[in-house]
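Got your viewer open and ready? Here is a short tour, stop by stop, with something to select each time.

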Amino acid sequence: MVSQLFSRQRFWRKQELSSYYDIVIIGGGVHGLSTAYYLAKFDKDLKVAVMDKSYLGAGASGRNTAIIRANYLTPEGIAFMNASLKLYEQLSGELGLNLLFSQIGRLDIGHTESTLFWLRQRSEYNQLMGVESNLITPDEVKAIVPEIDLREGKPFPIMGALHHPPAGVARHDAVVWGYARGADRNGVELHPFTEVIGITKEGRRVTGVDTSKGRVKAGLVVSATAGWTSTIARMIDIDVPILTYPLQAFVTEPLKPMIDTTISSGELHTYIYQTERGELVIGGGVDHYPTYSHKSTLHMLEELATNAIRLLPQLRGAKVLRQWTGICDMTPDYAPIIGPVDGVDNFMLNCGWGTWGFKAAPISGKTTAELILTGKVPELIEPFDLNRFYEGRLINERAAAIAAAIH
Amino acid sequence: MALLIECPNCGSRDVHEFRHGGEISDLSERKGISDSDLELTKYFYFARNNAGDSKEWWYHSFGCRQWFVAYRNTVSDQIRETEWPEKRLDS
Ligand SMILES: Cc1cc2nc3c(=O)[nH]c(=O)nc-3n(C[C@H](O)[C@H](O)[C@H](O)COP(=O)(O)OP(=O)(O)OC[C@H]3O[C@@H](n4cnc5c(N)ncnc54)[C@H](O)[C@@H]3O)c2cc1C
């Protein structure tokens with residue numbers, strides 16, 4: 001029995017590509033995989049395939065900093081992200097895999113009166129919607145993060161913070177692998193290294209995909225390609241309100257335990273937390289112009305490191321272990337796009353995850369699967385249709401990302 | 001990406017001296033006051049966001065403060081060419 005625990009088992013099977021699937025999901029990131037997982041969980045007879053041009057998790061899902069929180073600004077955003085956080089609380093059990101989900105909390109720091117005002121507004125909205133979220137004083141911040149620099153007279157004094165205790169972090173790769181394994185066990189076919197190079201159509205009806213391994217027919221095609229969504233949109237001639245921006249992050253060498261929460265400063269465009277291994281994870285806002293390039297820059301490293309030291313002076317001299325970049329599908333209102341597209345049948349978008357999509361993956365997959373299986377739009381994702389841009393119903397979720405502060 | 005941009009006025013300068021001003025595509029065209037709501041919506045929110053060749057506006061904000069046109073490959077992030085716009089906006 002014990003040896004079984006340590007036996008080497010593949011997480012998913014290698015599959016031959018069939019000529020037909022009920023549902024083809026393009027993109028083996030956390031959203032494509034969680035959608036596949038819930039589809040197969042709800043309906044075991046469906047033939048579902050997930051295709052990725054690279055390995056599973058090669059996109060932003062394998063590159064993010066894994067912060068999960070629900071202290072958003074809009075009623076739409078708060079409800080959606082809180083539902084996701086609740087799913088994360090059960091997810092290790094559900095997937096039978098330790099996702100290292102730990103609810104270490106979150107501090108959104110305010111350095112000016114106007115930021116405090118806006119954090120206060122968020123705490124009120126959060127509390128109204130049953131999300132634990134309080135404005136706290138500098139001394140209360142110090143009690144949670146003793147290392148924080150409270151000196152007065154510095155350029156970015158700490159005037160308070162929005163405290164959101166249920167926030168947390170998880171092992172991002174494990175979430176990808178957990179959903180992939182769960183989907184595989186429920187009969188989903190996973191096809192890494194299978195690039196979709198075209199989408200076949202008859203009139204306004206999508207009929208399948210052309211892949212690097214040949215043509216496949218499909219009853220429904222779902223695009224879950226995040227930063228690459230515009231390349232899929234081009235294949236079927238639809239317009240999407242997306243710009244692809246790179247987001248960078250870096251980690252330091254492991255240091256002694258110094259903070260056990262996640263802290264973020266919108267004004268400094270920087271956030272920090274410490275992993276269980278002791279590495280400080282430091283990230284910020286997107287680069288200043290759109291590109292599909294995954295190159296990291298010294299400029300961003302300097303900016304993030306400088307601002308991290310402004311918050312935690314003890315970090316001065318810490319050595320950088322590595323820095324990396326992922327690409328993000330930024331929408332004009334920092335909210336996702338889920339659902340069908342007018343004028344195209346048998347096709348669905350799941351995108352607009354920008355720099356905030358890791359935390360959303362469980363509820364996104366679950367609601368997208370419900371939408372596909374019932375044809376009815378679940379209430380939580382009703383606000384996130386593509387038509388909102390044509391009908392003037394933008395969401396303006398300015399608490400989704402540090403990027404929202406600079407755009 | 002240590003990108004250098006060739007400003008038609010100032011020559012080769014670091015990318016951080018510049019501001020990206022958006023793509024020049026069928027979606028970015030405005031006829032002017034006669035635009036319909038739909039055209040305005042597309043203009044404001046939608047983009048080709050092409051992976052590959054892109055013609056776009058750049059602004060030398062920490063330099064000569066001139067707008068110019070660049071041809072960039074958005075995957076390799078190389079700028080092939082920069083030039084003054086054919087028609088200045090104020091002409
Ligand atoms: C540095 C960084 C930090 C982040 N931090 C956070 C955070 O702390 N919290 C948070 O909530 N979010 C965070 N995010 C955002 C989050 O990572 C993304 O929103 C999320 O991973 C998107 O998942 P996805 O499955 O939609 O897309 P992706 O993971 O990008 O997957 C898309 C997949 O589509 C595949 N693909 C593309 N084109 C094709 C094709 N033609 N054929 C087949 N396959 C194709 C790609 O190979 C890719 O694997 C961060 C992102 C980055 C880059």
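**Stop 1: a serine in a helix**

Start by selecting Ser364(A), which sits in helix α9 (residues 361-374) of chain A. A quick word before we go on: this is a predicted model, where local features need pLDDT of at least 70, side-chain atom pairs count only at pLDDT 80 or more, and totals for chains, interfaces and linings use all residues. Residues are numbered from 1 along each chain as its sequence is written, chains are lettered from A and ligands numbered from 1 in the order in which they are written, and side-chain values use heavy atoms, leaving out hydrogens and water.

The helices and strands on this tour are DSSP runs numbered from the N terminus (helices: H or I, at least four residues; strands: E, at least two).

Is Ser364(A) buried or exposed? Ser364(A) counts as buried because its relative accessibility is 0%. (Buried means under 20% relative accessible area, exposed over 50%, and partly exposed in between, using a 1.4 Å probe and protein chains only.)

**Stop 2: across to the next helix**

Go back to Ser364(A) and look for its partner. Its side chain makes a polar contact of 2.7 Å with the side chain of His31(A). (A polar contact is a pair of N or O atoms within 3.5 Å; within protein, one must be able to donate a hydrogen and the other to accept it, and residues adjacent in sequence count only if both atoms are side-chain atoms.)

His31(A) is one of the buried residues of α2(A).

**Stop 3: the ligand**

Next, select the ligand and the residues around it. How many residues surround the ligand? There are 35, and the closest are Asp52(A), Ser61(A), Ile67(A), Val196(A) and Lys359(A). (A residue is near if one of its heavy atoms lies within 4 Å.)

Zoom in on the oxygen atoms of the ligand. One is 2.9 Å from a polar side-chain atom of Thr65(A), and a backbone N or O atom of Trp353(A) lies 3.2 Å from an oxygen atom of the ligand. Taken alone, the ligand exposes 1000 Å², and the protein buries 98% of that. The elements giving two or more residues to the shell are α2 and β16 (320-330) of chain A.

**Stop 4: a buried loop residue**

Select Asn71(A), in the loop between β3 (67-68) and α3 (75-95) of chain A. It is buried, with a relative accessible area of 0%. Its side chain joins that of Asp108(A) in a polar contact of 2.9 Å.

**Stop 5: chain B**

Finally, color chain B. It has 1 helix and 6 strands, in the order β-β-β-α-β-β-β along the sequence. Of its 91 residues, 38% count as buried.

Definitions and conventions. Accessible areas come from the Shrake-Rupley method with a 1.4 Å probe; for residues, only the protein chains shown count as cover.
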